[in-house]
Amino acid sequence: MSETDLIDAVLDRHRRDGTRLMQILREIQEQLGWLSPATLTAIAGAIAWPRAKVEGTADFYSFFYTRPMGRFRVLWSDNITDRMLGSSDLMSAMCKKLWLEPGRVSEDGLVSVDTTSCTGMCDQGPALLVNSRAVTRMTQARVGEMVSLIRSETPVAEWPAEWFAIEDNIRRKDILLDHGLVPGQALAAALERGPQGMLAEIKSARLRGRGGAGFSTGQKWEACRSAAGHGADPARYVVCNADEGEPGTFKDRVLLNSYSSLVFEGMSIAGLVVGAKKGLLYLRGEYRYLLEPLQAALEARRRANLLGSNILGTAFEFDIEIHLGAGAYICGEESALIESLEGKPGRPRIRPPFPVTRGYLDQPTTVNNVETLAAACLIATHGSDWYAAHGTEKSTGSKILSVSGDCERPGIYEYPYGTTVRQVLEDCGASDYQAVQISGPSGICLAEAEFDRRIAFEDIPTAGAFMVFDETRDMFEVARNFAHFFAHESCGFCTPCRVGTTLVRNLMDKIARKHGSPYDIDELFKLHRLLQGASHCGLGNSACNPVFDTLNKFRPAYEHRLMSLNYEPAFDLDAALSQARQMTGRDDAGAHFPDEAEA
Amino acid sequence: MNAPIAPPRKLRVATASLAGCFGCHMSILDIDERILKLLDLIEFDRSPLTDIKHCGPCDLGIIEGGLCNAENVHVLREFRKNCKILLALGACAINGGLPAQRNHLDLRDVLEEVYQTEYLVTHGGIPNDPELPLPLNKVHPLHEVVKVDYFLPGCPPPADAIWKLLTDLLAGRTPNLGHGLLHYD
């Protein structure tokens, strides 16, 4: 098949619909390796979008390539937990063996090696993606074998299967992971209750969003249900947010791998309540390997009459489609996610209007976390009284934590809300711990004195990440890793975040190079206030949290790096005269800067 | 009734132009007759207006231009050592400005081009007299080398903005320039 035919086939499959651009780009790239200018022109013509708009989307996402990439593309997950497991050394070793600079494609177009944001394998790192497929538990030996396979151009499909094995590592089950439901049971119960009755149950169960913010699910569904559709083709939509990008979080991966039936059923229940006929699962690009199993699961549900029309013999009609993201953390924000679903760069919208009134394709849309939707199944089956008996007053039910870092048993732990941090540390076999980062870089960093605090919306809300750092870890380096993460993931829309995250990263690097001064610490505090107050969305608002927390709780980790109490340049001032010295042959006193202290 | 207040001590102000064009200093002069009022409040230390060569202890130091050579760095350090408040005045002091356009070239290439290979210039070689300050590899804004307390952007900043900033600083108010002087949209 020629390239043109291939592009046409993909375009036809998507009805030349521009709102499906993300999927069009991904599918074409999967076959052609990259998105050439000619390809983008052809796509723009076919979907009748300006070419610049198509290029805007293609350029925005990390996993779309607008220049030729190697036939083997290796991306090392660069979360702090991967680094703690030795990923930096492994990546350098790989580059050395391949005679390659990180981020560059080899001269023969064979291979490129680079880093990417957390791939959600923190409990089984160091992890990487090779041609979009996830590899876990990298070792020096595996690096060696992988380099040989790349050199011999062995297709990734023929690589050792055990490299691609991804464990669930479920360590503690509670009401959700131990649900005991059979497919269709929760949906039948929901149909029995009817949309109004089901909504009432969700509200009286006081279910709150599991993405971290904790907004009332009942309120969201009710707002969506009572919003009118717009235009010639009014509709409502249910969106499941599986863009699990927060470094250190991997619970949705496990839910989608082993509990997808519960998630799809939760989406169907949401569809029933809000009056939607269509659900969209937005799956992060890093979990591309889950696409085929999930599509098979959807097919099985259609065959079992749990999706489609006349579901379980009723008039209820609902189906689910999977959209893949392409490596943009920001798309975890619901309005950015909707932009992405519509084929655009993932930039958060100005709100209001909120998605519940004007969301996907401008229609009322409810966007819910994977875990929230799964929990809705429990409420449908067992009722609100049973559900609300678990957890605390303001945080009913259970929470799944993704535990990683310095502990004996990293993995998935489900607890009733209200469990203390110390309890989790004991259960996962952590010892000599000094800090826990909860809910990822945008969350909160806790020191020992706070370990009796509780996981609950009343105390520490979380999307699920739980990264443990023992006494050997340098908390400054942890914060610096997160500062790099935010600078990379800022969408660039608003200046405070675009410029601010880069300034924070540069200051952290300056301090790391031992060029820091107390003024730089003041500057970090200033930037924290500015980013928190002036950014357009939550990414910028929370981008300084890890720096702010560690500065308050682990300040000596910063202070012992400071060069002096005076202001210091970020570079070696004397070396700044080096080229002129070389060209003039001078080496007299005037050709050097005396040390400020001696001057 | 309030007790009579002794007239305040005149504040000492130093100014210098580093890798700049003196345009910001010209803009200071553009405050016109208000300069007489200013002189009631301050006296100048080192400044192109006084021709004093070194800066003594001052309340306020005003610097125009960025850093392109070793001498610029020495002057800046002298100011920082002696001035309680340091103000970066204008685009070059804040961002490097026009002189920083050489930053995308290698200094060695620049020196070679100017003093050795360029057609129709005297090929006397690259000057290496110890009297001359060496150029820095890159042009830097002031705040990359010392702590700067206040910044007034503009090329040059308008006289009214300079007047407002100076009167605020001299009166001990946190400068607040606001719309028309700093924000234009």
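Modeller: From the N terminus on, chain B runs β-α-α-β-β-β-α-β-α-α-β-β-α. That comes to six helices and seven strands. Keep in mind that this is a predicted model.

Biologist: What does the C-alpha trace of chain B span along its principal axes?

Modeller: About 75 × 40 × 30 Å.

Biologist: How many residues of chain A are in contact with chain B?

Modeller: On chain A, 21 residues take part, and they touch 18 residues of chain B. Helix α23 (residues 578–584) of chain A gives the most to that side of chain A, with six residues. By class, the side of chain A divides into twelve nonpolar, five polar and four charged residues.

Biologist: Which domains does the assignment give for chain A?

Modeller: Take them in order: domain 1 (3–60), domain 2 (72–167), domain 3 (171–388), domain 4 (398–474) and domain 5 (476–559). The centres of domain 1 and domain 4 of chain A, taken over C-alpha atoms, are separated by 43 Å.

Biologist: Now helix packing. At what angle do the axes of α3 and α4 of chain A cross?

Modeller: Helix α3 (residues 37–47) and helix α4 (residues 51–60) of chain A cross at roughly 120 degrees, and their axes come within 9 Å. That angle makes α3(A) oblique to α4(A). The crossing is right-handed. From α3(A), the contact uses A:Leu40, A:Thr41, A:Ile43 and A:Ala44; from α4(A), it uses A:Arg51, A:Val54, A:Glu55 and A:Ala58. Five of these residues are nonpolar, one is polar and two are charged.

Biologist: And how do α9 and α11 of chain A pack?

Modeller: Helix α9 (residues 217–226) and helix α11 (residues 260–274) of chain A pack at about 50 degrees, with axes 8 Å apart. The two helices are therefore oblique to each other. On α9(A), look for A:Trp221, A:Cys224 and A:Arg225; they meet A:Ala270, A:Val273 and A:Val274 of α11(A). This contact has five nonpolar residues, no polar ones and one charged.

Biologist: Next, sheets. How do strands of a sheet pair?

Modeller: Through backbone hydrogen bonds, either parallel or antiparallel. Here, an open sheet of four strands in chain A has the order β2-β1-β3-β4, with mixed pairing.

Biologist: Which strands stand at the edges?

Modeller: β2 (111–116) and β4 (133–135) of chain A. Each has a single partner strand, so one side of each is left without a neighbour in the sheet. Neighbouring strands are turned by 25 degrees against each other on average, direction ignored.

Biologist: In which sense do β3 and β4 of chain A pair?

Modeller: Strand β3 (residues 128–130) of chain A pairs with β4(A) in the antiparallel sense, over three bridges.

Biologist: Which strands does helix α6 of chain A lie across?

Modeller: Helix α6 (residues 87–98) lies across β1 (72–77) and β2 of chain A. The helix runs at about 165 degrees to β2(A).

Biologist: Last, the backbone. Where are cis peptide bonds found?

Modeller: One runs from A:Gly125 to A:Pro126, with omega near -5 degrees. A:Pro126 sits in the loop between β2 and β3 of chain A. Another joins B:Cys155 and B:Pro156, with omega about -10 degrees. B:Pro156 is in the loop between β7 (150–152) and α6 (159–171) of chain B.

Biologist: What is phi of A:Leu312?

Modeller: Near 50 degrees, a positive value in a residue other than glycine. A:Leu312 lies in the loop between α12 (291–303) and β8 (319–324) of chain A.

Notes. Residues numbered from 1 in each chain as written. Chains lettered and ligands numbered in written order. Predicted model: local features only at pLDDT ≥ 70, side-chain atom pairs only at ≥ 80, totals over all residues. Axes fitted to C-alpha atoms, helices over the stretch in contact; angles between N-to-C directions. Parallel < 35°, antiparallel > 145°, perpendicular 65-115°, else oblique. Left-handed = near helix turned anticlockwise from the far one by under 90°. Contact = placed C-beta atoms within 7 Å. Nonpolar A, V, L, I, M, F, W, Y, C, P; charged D, E, K, R; others polar. Pairing = 2+ DSSP bridges. Domains from an automatic or database assignment.
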